[in-house]
Amino acid sequence: MGRRILIVLHQERSSPGRVGQALVRRGCDLDIRRPALGDPLPADMAAHDAAVIFGGPMSANDDLPFIKAETDWIGIPLKEEKPFLGICLGGQMMARHLGARVYSHPQDRVEAGYYPIRPTAEGRHLFDDPQHVYQWHQQGFDLPSGAVQLAEGDDFPVQAMRYGKAAYGLQFHPELTTPMMDAWLEFGKERLVRPGAQPAEMHRQGRAAHDAALRNWLERFLGHWLPPERD
């Protein structure tokens, strides 16, 4: 029986995308829940081997019951030292849970498109230098006390972090598939006129240039985050 991974999504049509596909290829069973639509979160990690909280259009600062519930719940995998991965909003929730600030850029800049990030000294074993990743966010997070920064960017300096042995927060979107990008460009096109955002054509050009490397990176990262079980 494969490992069971808790997948937390935030909208009815949201998908775990390429991350979910890669986990399934590894023999994992995905337990998909949407607390924003009323699904409960488990009281502990006894029935799950790892957890991933994905992104969404809401803010980790929003005063919404499911935002508070998910942010508080992150303490469970952290306490049990089970592998946890927060992507974009999920990473921001992790930062907030650990007492760090989630903030908008002082010049209201956003990141929407492909942008370079760079590994820190602690992140050189995980990230290329530089590495172009897909971004879709208007807020970032500070590095929490006790966390290790793994990658950095320009407008939003903290791009990847680790807390403890097995909890990671990413600001970018390694789960992105082509249909997901097409949907975001259509339904979120108002974001593309914000300062710092790239026009739609640059998103598609960036995907052609960087997606193969990102696909390979995700396989390496997931192998590090959730290494194969030993017999």
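In helix α5 (residues 178-187), M180, M181 and L185 are buried, with under 20% relative accessible area (1.4 Å probe, protein chains only). Down the axis of α5, the buried residues fall within an arc of 130 degrees, so they line one face of the helix. The arc is taken from the directions that run from the helix axis to the C-beta atoms. The face turned away from the buried side of α5 carries P179 and F187, both exposed, meaning over 50%. The cover over the buried residues of α5 includes α1 (17-25), β7 and α6 (200-225), contact being heavy atoms within 4.5 Å.

The model is predicted: local features need pLDDT of at least 70, side-chain atom pairs count only at pLDDT 80 or more, and totals for chains, interfaces and linings use all residues. Residues are numbered from 1 along each chain as its sequence is written, and side-chain values use heavy atoms, without hydrogens and water. Helices (H or I, at least four residues) and strands (E, at least two) are DSSP runs, numbered from the N terminus.

An open sheet is formed by 9 strands, in the order β2-β1-β3-β4-β11-β10-β9-β6-β7. Its pairing is mixed; two strands pair if DSSP finds at least two bridges between them. The edge strands, β2 (29-33) and β7 (131-137), each pair on one side only. Strands β4 (residues 84-87) and β11 (residues 167-170) pair in the parallel sense over 4 bridges. There, L85 has Y168 of β11 as its bridge partner.

Helix α4 (residues 89-97) packs on the sheet and touches β3, β4, β10 (158-163) and β11. Its direction makes about 115 degrees with that of β4. Axes are lines fitted to C-alpha atoms, for helices over the stretch in contact, and angles run from 0 to 180 degrees between N-to-C directions.
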